[in-house]
Amino acid sequence: NEEKLMSDDLLVMADAERSGSTEITANNYFAAVRLSRQEARDSALTMLQEAIAYSDDSTQTMETQDTLESIVKTALSEAQIESLIIAKGYSDCVAYFGDDGVSIAVSAPEGGLQKEDVAVIADIVMTQSDYTIDQIHVVEVI
């Protein structure tokens with residue numbers, strides 16, 4: 001499952017960052033998560049497009065097209081949320097929609113994330129998606 005894979009990648013990388021690993025910097029973290037997310041999506045899109053091309057079942061083709069549309073919609077929503085958070089003055093972030101919520105990894109501002117920062121980020125996510133406050137997980141990347 002692409003969503004589970006991405007969620008695990010995000011958590012592993014966040015844990016490595018917290019542990020003080022010198023191999024992963026904040027910039028590398030965001031680049032690595034974006035690359036991993038894009039590779040997973042590209043793979044899923046390729047498989048779905050092949051399924052459509054070789055399918056004789058119109059019902060299955062329609063379901064596959066719906067899945068493709070869902071992946072594209074999710075990617076656009078994540079990108080929009082990321083852009084809006086960066087527009088609010090945060091140096092970088094990555095949004096990831098999962099089955100049980102949305103994870104937002106944000107580059108730590110000077111002094112760290114405060115309650116007000118989390119409120120701004122949560123407001124952006126709720127405005128741009130159907131997620132509720134209890135489904136939003138904000139991770140500070142140092």
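This is a predicted model: local features need pLDDT of at least 70, side-chain atom pairs count only at pLDDT 80 or more; totals for chains, interfaces and linings use all residues.
Trainee: Got it. Which residues of H3 are buried, then?
Mentor: In H3, the buried ones are Thr61, Thr64, Leu68, Ile71, Thr74, Ser77, Glu78, Ile81, Glu82 and Ile85.

Trainee: And what does Ile85 touch?
Mentor: Leaving out residues up to four places away in sequence, Ile85 touches Tyr90, Cys93, Ile104, Ile121 and Ile124.

Trainee: How many residues does the largest nonpolar core have?
Mentor: That core has 16 residues, and Ile81, Ile85, Val102, Ile104, Val106, Ile121 and Val125 are those with the most contacts inside it. Helices H3 and H4 and strands E1 and E2 each give two or more residues to this core. H4 gives the most, with four.

Trainee: What about a second core?
Mentor: There is a separate one of seven residues, including Tyr29, Val33, Val94 and Val141.

Trainee: Back to H3. What span should its 30 residues have?
Mentor: At 1.5 Å a residue they should span 44 Å, and the end C-alpha atoms are 43 Å apart, so the two agree.

Trainee: Nice. What happens at the start of H3?
Mentor: A side-chain oxygen of Asp57 comes to within 3.0 Å of the backbone nitrogen of Thr59. After H3 comes Gly89, with a positive phi near 110°.

Trainee: New topic: where is Ser129, and is it buried or exposed?
Mentor: Ser129 sits in the loop between H4 and strand E3. It counts as buried because its relative accessibility is 13%.

Trainee: What does its side chain reach?
Mentor: The Ser129 side chain reaches the backbone oxygen of Val125 at 2.6 Å and the backbone nitrogen of Tyr131 at 3.3 Å.

Note on methods: Residues are numbered from 1 along each chain as its sequence is written. Side-chain values use heavy atoms; hydrogens and water are left out. A nonpolar core is a set of buried Ala, Val, Leu, Ile, Met, Phe, Trp, Tyr and Cys residues joined through side-chain atoms within 4.5 Å. Buried means under 20% relative accessible area, exposed over 50%, partly exposed in between (1.4 Å probe, protein chains only). Contact means heavy atoms within 4.5 Å. The expected span of a helix is 1.5 Å times one less than its number of residues. A polar contact is a pair of N or O atoms within 3.5 Å; within protein, one must be able to donate a hydrogen and the other to accept it, and residues adjacent in sequence count only if both atoms are side-chain atoms.
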